[in-house]
Amino acid sequence: MVQLREGIHWVGAVDWSVRSFHGYITHRGSSYNSYLVVDEKVALIDFVKAPFAEEQVTKISEIIDPKRVDYIVANHAEPDHSGSIRMVLEACSNAELVATERCMNTLWKYYGGDIKATPIEKKPSLKLGKRSLSFVPVPMAHWPDSMVSYMPEEKLLFSNDAFGQHLASSGRFDDEVDAAELMQEASTYYANILMPLWRSVSRALKALEGVPLEMIAPSHGIIWRKDPGKILKAYQGWVAGETKKKAVVVYDTMWGSTQLLARAIADGVASKGVEVKVHNLGASPNSDVIADILDAKAILVGSPTLNNHIFPTIGGFLAYMRGLKPMNKIGAAFGSYGWAGGAKKIVEAEMQAAGIQMVESDIDFVFHPNGDEVKRAHAFGQGIAEKILGA
Ligand code: FEO
């Protein structure tokens, strides 16, 4: 049985097989963390996703009779953290459920209005014995109902979605998993879940300034105990929209023409010593592309014109990116067409609507690009690299 500190147990579930989290492709699975604090009073923090309800109740039962649970804290109503609610409430039949008012309202919509709960607006903290929990609403980090729970005696933050990662692992702590994999999943998670909510995340980070933190226990992935400062520092950079000298080329292709241009542009960028990542949307999921875009300065999107419109995968990607509002980027569009063009203009308009500062592009050629046109694409890539280097 895993303990964070004496009497603070992990009673969550590792989801090794989940590969899509409402469209975000989770290559390494995830976990739904829940914590049981056994003090003079007993508190359970967060539920888990529905298929793991029985597993959560079993884990609690192995530590204590569930009827001895006094409080259940729901930090967030999204179903990955509330799905086990009915089974857990039945097992922990003496527990008082505590949540923000907004969380209660959302739980009622999902699970029925008969669920009784005390709003944290009336009960902002719980004395458990030697330890206590203070509740801090962090609206829109991730949903309007979101809150975090802080245990001052242990300098321990139960942060729910914030600082999480979709990472299934046998280790529960940051010192038990591969450090590079961990940071890759933490940044991918931020890019795909929290990036558009950076203002709310930034407010939450401000609220944490000066709060002593020895451990951060999110509701997905590993617990930060070796170096909680590492993830806090990374978040500070992400909410500030920090970028590095890097470009991402995203495209799809019908007969290889847009691909030829994408490769020439990427080679042009790289020839100036700027890092470039290339994603063919026929192969890369949108969420992988967004993960690469998080710290890139430039986004270059190429689409063939299909029936006077953009290629469907490009349309899906642009809609996904627009919702996630990448910060502090320059961008350009390119493409190829048969007789009447049109895709490039549509891509440009969508990128502009996503808040990207557009660079003028004339890389849009009829049918298969000839040698001169490929050279122009290469030179265009070099020009983008120079803008990145000068930024
Ligand atoms: Fe992990 Fe917003 O739920």
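A disulfide is taken here as a pair of cysteine sulfur atoms within 2.5 Å. Under this criterion, the predicted model contains zero disulfides. The sulfur of Cys92 has its closest cysteine counterpart in Cys103, at 16 Å, which is too far for a bond. Cys103 is likewise in no disulfide, the nearest cysteine sulfur being that of Cys92.

One cavity of 30 Å³ or more is present in the structure. The volume of the largest cavity is about 40 Å³, and its lining consists of Tyr190, Met195, Trp238, Gly241, Leu294, Met327 and Lys329. The largest pocket has a volume of about 430 Å³. A total of 22 residues line this pocket, and those nearest its centre are Met183, Gln184, Ser187, Thr188 and Ala291. Two or more lining residues are contributed by each of helix H4 (179-194), helix H6 (228-239), strand S18 (275-280) and helix H8 (286-293). H4 supplies the largest share of the pocket lining, with five residues.

Trp339 is located in the loop that runs between strand S21 (330-337) and helix H10 (343-353). The relative accessible area of Trp339 is 74%, and the residue is therefore exposed, the cut-off for this class being over 50%. Phe367 is situated in the loop between strand S23 (364-366) and helix H11 (371-390). With a relative accessibility of 52%, Phe367 also counts as exposed.

Backbone torsions were then considered. Most residues other than glycine have a negative phi. Asn308 occupies the loop between strand S19 (298-306) and strand S20 (309-310). Asn308 has a relative accessible area of 51% and is therefore exposed.

Notes: Residues are numbered from 1 along each chain as its sequence is written. This is a predicted model: local features need pLDDT of at least 70, side-chain atom pairs count only at pLDDT 80 or more; totals for chains, interfaces and linings use all residues. Side-chain values use heavy atoms; hydrogens and water are left out. Helices (H or I, at least four residues) and strands (E, at least two) are DSSP runs, numbered from the N terminus. Buried means under 20% relative accessible area, exposed over 50%, partly exposed in between (1.4 Å probe, protein chains only). On a 1 Å grid over the protein atoms alone, a cavity is a set of points where a 1.4 Å probe fits but cannot get out, and a pocket is an open set with protein on both sides within 12 Å along at least five of seven lines; lining residues have an atom within 4 Å of a point. Grid points are joined across faces, edges and corners, and a volume is the space filled by probe spheres set on the points.
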